[in-house]
Amino acid sequence: MTAATYRVISARVRHQRDPLHRWYRRNEPTVLRVAGVVAFFVLWQVTSDVGMIDKFLFSSPRDILVAGAHEVTLPRFWNDVRVSGVELGAGTLISVVIAVPLGIAIGWYRRVSLAADPWLNFTNALPRAALVPLAVMWAGLGMEMKTLIVFLGGFFSVLLPTVDGVRTVERQFVDVARSFRGSDLLILRSIVLPGVVPFIVSGLRILVGRVLAGVIIAEFYAITEGLGVMIYRAANSADQADRMFFGILIFTLLGIVGYEAVGVLDRYFQRWRPALDTEEA
Amino acid sequence: MAELALTARGVQMEYRERHTTDRLLAIENVDLDVEEGSFVSLLGPSGCGKSTFLKIVNGLLLATAGEIKVRRAAANGPENAMVFQDAALFPWYSVIDNVAYGLICGGVPRGEARRRAGPYIELVGLKGFAEKYPYQLSGGMQQRANLARALAVDPPILLMDEPFAALDAQTRELMQAELLRIWNAARKTVLFVTHQIDEAVYLSDRVVVMAARPGRIIADVRIGLPRPRKLEVKRTPEFAAYEDRIWGLIQHPRPTSVAATTA
């Protein structure tokens, strides 16, 4: 009789690691993200310096910074920032303030929903850029028109998810409230609103891109004032690529700030949810 | 004889099926008397209409025929309160806000509702968990909070819709014993829906056996086991005899007219 042989499956061995390694392990996602961004800009600068890419067309990070440093000394630049900022802020605020209650009403009342549905689909399918000349006819070339275009972009990106969110509110929770004779207003506050928040938040993520696109489209069309106009006019200057990229960079940063703000909002409203990524012991 | 907490006569619930003209009789002609302070179980397979009957008593559904008389509560509080099947706790509220929810529905200001909820959290054994969120509780603890929410509005009748069905076997047994302890402390009339024979026998003064298609009462068995009952009672011959008898009734349902007198 031959003796049985065994393979040993051992427990994981924990290696003692140096502090630097441990720090890296903890911060790996952040480190890699930063490294990716830095690597891109370094590569851009180097290929531009050695002449692999055309500076005139593609600029370089250093030239963009130089152009930007000059730009921020101009009063016109700060006026552009103010104008675009007001358009973005007002358009976004008005769109959210109207879209959320309207979306809740459409989602909650079946009759409102049936009457509104065709219009929702129609207006959502309509390309907003096509409305710009019409908006100019109504509201002129000033900030009102551009705010309107921003509003249209933000409005539908929040309205549609809000409607969906209300429609997916769990029946069971409504039953609990009805069982205890809760009023409709209480159901709205205690069940519909918390349930719809994640949907509003995902709408806000879409909104960030839409309102930025809206302000650029409107400013390109009107060519009065604003950061979009700054990019547009840079085309006629000697350091055109540098200044255009600087304008693009500002919009990119606005987008990032917008997304981050939505993220903060999201985490605040979702603190009752279990954390998904628990640290490995 | 004790006063009646609830009387149902000829209760019927009929659904019209979608897209067809077929009618589905969920409950047919249910008569039921529930004595005040008693623990009565509605026992039957899925589809026998036991949960539907509970929802009719609660007011979540309107019967298509018949009538139910419920004894009015003192101080215009609710006449009954429901303990839901899946704990149905709002995930965005802490335990205390969930337990206070029934009171808030009744118009009690939040601060006072939370204060009044406190003792019920203790009663169901959730002391120290008031500020936790539902996801931080086990299934059994969630059901305790579900029960506390119903108890907090101090209803004369407690309606319980298979509250332990989703729990694991050991937790379920413990919760059954806990429920008897709480019932003893709170002195409520309980109408308890379950499909588990041993659960019904262990908890109840009376087990009302129902059959499906159409949903109807086929037997009404009085459980004479002495109280207070410990979990060990489940291993006695008397307990097994009740289980056997009810199992027999479920397997060979007799016509309604004859069965109604089994007691």
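Reply: The element names used below rest on DSSP, with runs of H or I of at least four residues taken as helices and runs of E of at least two as strands, numbered from the N terminus. The model is predicted, so local features need pLDDT of at least 70 and side-chain atom pairs pLDDT 80 or more, while totals for chains, interfaces and linings use all residues. Residues are numbered from 1 along each chain as its sequence is written, chains are lettered from A in the order in which they are written, and side-chain values use heavy atoms, without hydrogens or water.

Me: Where is Pro214(B) found, and what kind of peptide bond joins Arg213(B) and Pro214(B)?

Reply: Pro214(B) sits in the loop that runs between β8 (206-211) and β9 (216-222) of chain B. The bond joining Arg213(B) to Pro214(B) is a cis peptide bond, with omega at about -10°.

Me: Why is Ile223(A) called partly exposed?

Reply: The relative accessibility of Ile223(A) is 28%, and therefore Ile223(A) counts as partly exposed. Ile223(A) also has a positive phi, of about 45°, although it is not a glycine, and its place is the loop between α9 and α10 (227-234) of chain A. Pro274(A), in the segment after α11 (240-269) of chain A, has a relative accessible area of 42% and is therefore partly exposed as well.

Me: How many residues does the contact take from chain A and from chain B?

Reply: With contact taken as heavy atoms within 4.5 Å, chain A gives 19 residues and chain B gives 22 residues. The buried area (the accessible area, with a 1.4 Å probe, that two parts lose on being put together, summed over both) is about 1,900 Å² between chain A and chain B, and carbon and sulfur atoms give 69% of that area. Phe173(A), Phe180(A) and Trp272(A) supply 37% of the area that chain A buries against chain B, more than any other three residues.

Me: How many salt bridges does the rule find across the interface of chain A and chain B?

Reply: A salt bridge asks for a side-chain nitrogen of Lys or Arg within 4 Å of a carboxyl oxygen of Asp or Glu, and across the interface of chain A and chain B the rule finds zero salt bridges. On the side of chain A that touches chain B, α8 (171-179) and α9 (184-222) of chain A each supply at least two residues, and α8(A) has the largest share, with seven residues.

Me: What domains does the domain assignment of chain B give, and what area is buried between domain 1 of chain B and domain 2 of chain B?

Reply: The bounds, which come from an automatic or database assignment, are 35-63 + 156-263 for domain 1 and 87-155 for domain 2 of chain B. The C-alpha centres of domain 1 of chain B and domain 2 of chain B are 25 Å apart, and 15 residues of domain 1 of chain B are in contact with twelve residues of domain 2 of chain B. The area buried between domain 1 of chain B and domain 2 of chain B is about 1,100 Å², 71% of it from carbon and sulfur atoms. Leu158(B), Met175(B) and Ile182(B) supply 39% of the area that domain 1 of chain B buries against domain 2 of chain B, more than any other three residues.

Me: What makes the meeting of Asp154(B) and Lys188(B) a salt bridge?

Reply: The side chains of Asp154(B) and Lys188(B) meet at 2.4 Å, N to O, a distance within the salt-bridge limit, and therefore the pair qualifies. Between domain 1 of chain B and domain 2 of chain B the count is two salt bridges. On the side of domain 1 of chain B that touches domain 2 of chain B, β6 (157-161) and α5 (169-186) of chain B each supply at least two residues, and α5(B) gives the most, with eight residues.

Terms used:
Buried < 20%, exposed > 50% of the residue type's maximum accessible area, 1.4 Å probe, protein only.
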